[in-house]
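This note collects comments on the model for a colleague who works with computed structures. The points follow, numbered by topic.

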Amino acid sequence: FSDGSSNSQNSMRSVHSRPNSIRKDVSAFGWSADATQIALTQITSAAMTYFGLVACFDRPRGKLNLDDSFIESKPSQVEGAGLGLYMTRSLPEGTVLGTYPGVVRPSAKFMNKYNKLSDAGVYAWRFTDNLDYIDPTDRNGILYDVSMGGTDDYPLSYWLHEHILKPLHTSTILARINEPPIGGMGCNVRSEENLDTREVVFSLSRDVVPGDELFMDYGLTYDRTSYGDKCEPSNDLF
């Protein structure tokens with residue numbers, strides 16, 4: 001003998017069990033709405049993290065502290081040196097011009113690029129501790145008016161810096177300072193490395209007037225054998 005209450009309870013259990021059955025069927029044949037949302041959130045988070053790493057580690061550094069109108073680029077007084085930088089305003093000794101532009105690269109990784117693209121070494125600045133270089137050139141080892149950043153360490157790094165991270169681009173004008181010609185008036189720019197921040201600060205070592213070309217000393221270890229052989233200044237610091 002059974003009463004109606006038992007049938008009623010079984011019916012209720014059957015009704016309440018259907019949603020779980022439906023959810024199991026959805027999971028078996030495709031993504032549920034919750035799972036899809038979680039997956040999208042994880043993918044977005046991973047993409048943003050990757051984007052941030054590329055923007056941080058492969059960004060170009062350096063800046064010009066002067067207004068662009070204070071300096072102009074035109075053929076250098078130094079034979080075979082290509083373009084040089086000339087002052088259009090008078091400025092006093094000690095004026096900070098800015099910091100050397102480019103991407104800071106561990107020496108071993110920069111040498112990998114240099115071995116494939118020797119032109120990349122033309123404008124590379126090697127730190128005195130030999131641990132890093134500053135590379136202002138693009139993916140093909142060419143110096144443009146701006147350093148765009150990017151390396152081959154991370155997939156899409158060059159593309160992201162060339163097309164998406166344009167606000168990070170920096171002027172490369174300070175990479176065109178030449179050494180003075182033999183018998184000239186000497187240097188009027190000095191450099192100072194900050195090994196902690198991996199920066200090279202350029203400042204005036206004496207007063208300058210309009211028409212003065214900027215010159216600096218590349219150091220005792222600089223290879224000058226290529227002087228006069230190229231149409232661009234040879235800043236190869238190997």
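1. Aromatic pairs. The model is predicted, and a search of the whole structure finds five aromatic pairs. One of them joins Tyr-100 and Trp-125: the ring centres are 5.5 Å apart and the planes stand at 45°, so this pair is tilted. Tyr-100 belongs to strand β4 (residues 96-106) and Trp-125 to strand β5 (residues 125-126), so the pair ties together parts that are 25 residues apart in sequence. Both of these residues, Tyr-100 and Trp-125, are buried.

2. Since Trp-125 lies in strand β5 and Phe-202 in strand β10 (residues 199-204), the contact ties together parts that are 77 residues apart in sequence. Trp-125 and Phe-202 are both buried.

3. Salt bridge between β4 and a loop. Eight salt bridges are found in a search of the whole structure. In one of them, the side chains of Arg-105 and Asp-153 meet at 2.8 Å, N to O. Arg-105 is in strand β4, while Asp-153 is in the loop between β7 (146-147) and α4, so the pair ties together parts that are 48 residues apart in sequence.

4. Asp-135 forms a salt bridge with Lys-113, and their closest N and O atoms are 2.7 Å apart. Because Asp-135 lies in strand β6 (residues 132-135) and Lys-113 in helix α3, the pair ties together parts that are 22 residues apart in sequence. Asp-135 and Lys-113 are both buried. A further salt bridge joins the side chains of Asp-132 and Arg-198 (3.1 Å, N to O). This pair links distant parts of the chain, with Asp-132 in strand β6 and Arg-198 in the loop between β9 (189-194) and β10, 66 residues apart. Asp-132 counts as buried because its relative accessibility is 14%, and Arg-198 is buried with a relative accessible area of 14%.

5. Which residues of α4 are buried? They are Ser-157, Tyr-158, Leu-160, His-161 and Glu-162. The elements that cover these buried residues include α2 (33-57) and α3 (107-116). Trp-159 also lies in helix α4 (residues 157-164), but at 42% relative accessibility Trp-159 counts as partly exposed. Together with Leu-156 and Ile-164, Trp-159 forms a nonpolar patch on the surface, with about 320 Å² of accessible area for the three together.

6. Cysteines. How many disulfides does the model contain? The count comes to zero, under the rule that the two cysteine sulfur atoms lie within 2.5 Å. Cys-56 counts as partly exposed because its relative accessibility is 37%. Cys-187, at 29% relative accessibility, likewise counts as partly exposed.

Key:
Residues numbered from 1 in each chain as written. Predicted model: local features only at pLDDT ≥ 70, side-chain atom pairs only at ≥ 80, totals over all residues. Heavy atoms only, no water. Patch = residues over 30% accessible without salt bridge, like charges linked within 9 Å, V, L, I, M, F, W, Y side chains within 5 Å. Areas by Shrake-Rupley, 256 points an atom, 1.4 Å probe, with all protein chains shown as cover. Salt bridge = Lys/Arg side-chain N within 4 Å of Asp/Glu carboxyl O. Helix = DSSP H or I, 4+ residues; strand = E, 2+ residues; numbered from the N terminus. Buried < 20%, exposed > 50% of the residue type's maximum accessible area, 1.4 Å probe, protein only. Contact = heavy atoms within 4.5 Å. Phe/Tyr/Trp six-rings, centres within 6.5 Å; stacked < 30°, edge-to-face > 60°.
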